[in-house]
Amino acid sequence: MDSAQSLLDRIAALEARVSALETQTPASAAAINEELGLVRQLQQRTGSDYEHELGHGAFLFAGSISSVLGNYVWQGEYGLGELLRHPAEPLITVLSALASPIRLQIVQTLLEKPASSQSLLEQLHMQSAGQLYHHLKELRNAGIIIQRGRSDYSLELKALIPVMIILAAAKNIVD
């Protein structure tokens with residue numbers, strides 16, 4: 001008898017949990033519809049920028065950063081065709097510049113504040129100024145940092161949020 005009552009109690013508890021989940025569905029569906037509103041808008045984009053022999057598509061990237069460097073917002077939208085027809089070399093330059101642990105450390109350091117090459121050498125515990133200058137040159141050529149003076153460097157503000165989006169996209173792939 002006790003096992004039968006226990007089973008009935010467990011079934012009743014399960015029914016209560018299912019009922020609670022079912023009452024949350026409309027709110028969840030509304031939230032999903034709101035989130036997908038932008039996606040649905042992107043799906044409706046037309047024109048050659050959005051068309052490619054592989055298909056049709058659009059991508060929206062946006063971000064906001066409030067830091068010691070200031071407050072920055074950025075938004076960009078690109079069509080599938082526009083992205084796939086873009087010359088590869090400039091894209092590879094940016095991706096290659098970020099594909100180095102020391103360069104990412106330089107970017108992270110410059111996120112905090114502009115720095116001199118001497119300060120970067122010390123903060124990054126680098127032994128060779130030549131090595132540092134090589135990495136700084138790669139980041140400059142990619143448009144990620146700027147040289148403000150003879151040996152003063154800072155992040156290029158127009159690259160700040162796009163670089164963070166690249167890192168977020170990479171994190172999304174590995175997670």
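How many nonpolar, polar and charged residues are in the lining of the largest pocket? In this predicted model, the lining comprises 16 nonpolar, 2 polar and 3 charged residues. The volume of this pocket is about 910 Å³. In total, 21 residues line the largest pocket. Those nearest its centre are Y78, L91, V94, P162 and I166.

Four elements each supply two or more residues to the lining of the largest pocket. They are the strand β4 (70-79) and the helices α2 (80-85), α3 (88-98) and α7 (157-174). The top contribution comes from α7, which gives 7 residues.

Helix α7 also meets α4. Two packed helices are described by the angle between their axes and the distance between those axes. Helix α4 spans residues 101-112. The axes of α4 and α7 come within 12 Å of each other. They cross at roughly 135 degrees. Angles over 145 degrees would count as roughly antiparallel, and 65 to 115 as roughly perpendicular. The two helices, α4 and α7, are therefore oblique to each other. The crossing of α4 past α7 is left-handed.

Which residues of α4 and α7 meet? From α4, the contact involves L104, V107 and L111. From α7, it involves L160, V163, M164 and L167. By class, the contact of α4 with α7 has 7 nonpolar residues, with no polar and no charged ones.

Note on methods. Residues numbered from 1 in each chain as written. Predicted model: local features only at pLDDT ≥ 70, side-chain atom pairs only at ≥ 80, totals over all residues. Heavy atoms only, no water. 1 Å grid on protein atoms, 1.4 Å probe; cavity = no way out; pocket = protein on both sides within 12 Å on 5 of 7 lines; lining within 4 Å. Points joined across faces, edges and corners; volume = space filled by probe spheres on them. Nonpolar A, V, L, I, M, F, W, Y, C, P; charged D, E, K, R; others polar. Axes fitted to C-alpha atoms, helices over the stretch in contact; angles between N-to-C directions. Parallel < 35°, antiparallel > 145°, perpendicular 65-115°, else oblique. Left-handed = near helix turned anticlockwise from the far one by under 90°. Contact = heavy atoms within 4.5 Å.
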